[in-house]
Amino acid sequence: MNRKTMCLIPAAICILASTAQALPINMAIDFRDNAWNAADYQATWTIGDITALAQPGGSLLYQDSTDGLGIRGGEPDEIDRLESLEIVFNTPYVLRDVAITDLFASNDGNQIRGEEGYVHLYGGNDTFLQSFTFFGNDSDQANGEQLFDFGQSFIVSKAVFSARNLSNNEFSVAGFANAAPVPEPATMLLFGTGLAGLAGLARRRKKA
């Protein structure tokens, strides 16, 4: 099932496009990877330039190779109401989407569109960029796997995940299918210098 990303209030709240499907095998950032196993039962865990942090204070991370990251609390392996998962990028990353697991259509009488979660994106100095809402639906895979597209790319320093403050709203974060660190200015300068050098060489060859 495909949906278009729809912003209800520009630069404030967007409903994410979703694809109910098995998640990509090779994701740019995959919290289901064995490298993240040691994050289980930790309040915070860092691998490379990415840090996962359980909130509120005193909470612990959950990790497994099927679902990815969650919070140990009301629902022991998922992000439940009053809990949040912060993913901090110690160097800025370009993000295009997010991969969610354990997100289902709900039988709760308060639910219309299935389990509901949120992701809030922040740039440098914790500058707010955009909030997105996502829902489970009847087309969910067996593991509630969905890939949500932001509709555009964002340069992000932090992504914060939370669930709607009602029962039967829980999910886990598998990772990001399309993500890459922002090149450092020095790298971009060298890249630009290299392109300029190639252009100059081409001009000299034409004159010859």
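Two strands are taken to pair if DSSP finds at least two bridges between them, and strands themselves are DSSP runs of E of at least two residues, numbered from the N terminus. The model described here is predicted, so local features need pLDDT of at least 70 and side-chain atom pairs count only at pLDDT 80 or more, while totals for chains, interfaces and linings use all residues. Residues are numbered from 1 along each chain as its sequence is written, and side-chain values use heavy atoms, with hydrogens and water left out.

Five of the seven residues of β10 are buried (under 20% relative accessible area; exposed is over 50% and partly exposed in between, with a 1.4 Å probe and protein chains only).

Attention now turns to the interior. A nonpolar core is a set of buried Ala, Val, Leu, Ile, Met, Phe, Trp, Tyr and Cys residues joined through side-chain atoms within 4.5 Å. The largest has 36 residues, and Leu85, Ile87, Phe89, Phe161 and Phe176 have the most contacts inside it. A second, separate core of six residues includes Leu23, Met27, Ala99 and Leu147. Beyond four places in sequence, the contacts of Phe161 (heavy atoms within 4.5 Å) include Leu85, Ile87, Tyr118 and Phe176.

The structure holds five salt bridges (a side-chain nitrogen of Lys or Arg within 4 Å of a carboxyl oxygen of Asp or Glu). In one of them, Arg72 and Asp40 bring their closest N and O atoms to 3.0 Å. Because Arg72 lies in β8 and Asp40 in the loop between β4 and β5, this pair ties together parts 32 residues apart in sequence. Asp149 and Arg96 meet at 3.3 Å, N to O, and link β12 with β9 across 53 residues.

Glu170, in the loop between β12 and β13, is buried yet has no salt bridge; Arg81, the nearest side chain of opposite charge, is 7.0 Å away (Lys and Arg count as positive, Asp and Glu as negative; His and the chain ends are not counted).

How values were computed:
Helices (H or I, at least four residues) and strands (E, at least two) are DSSP runs, numbered from the N terminus.
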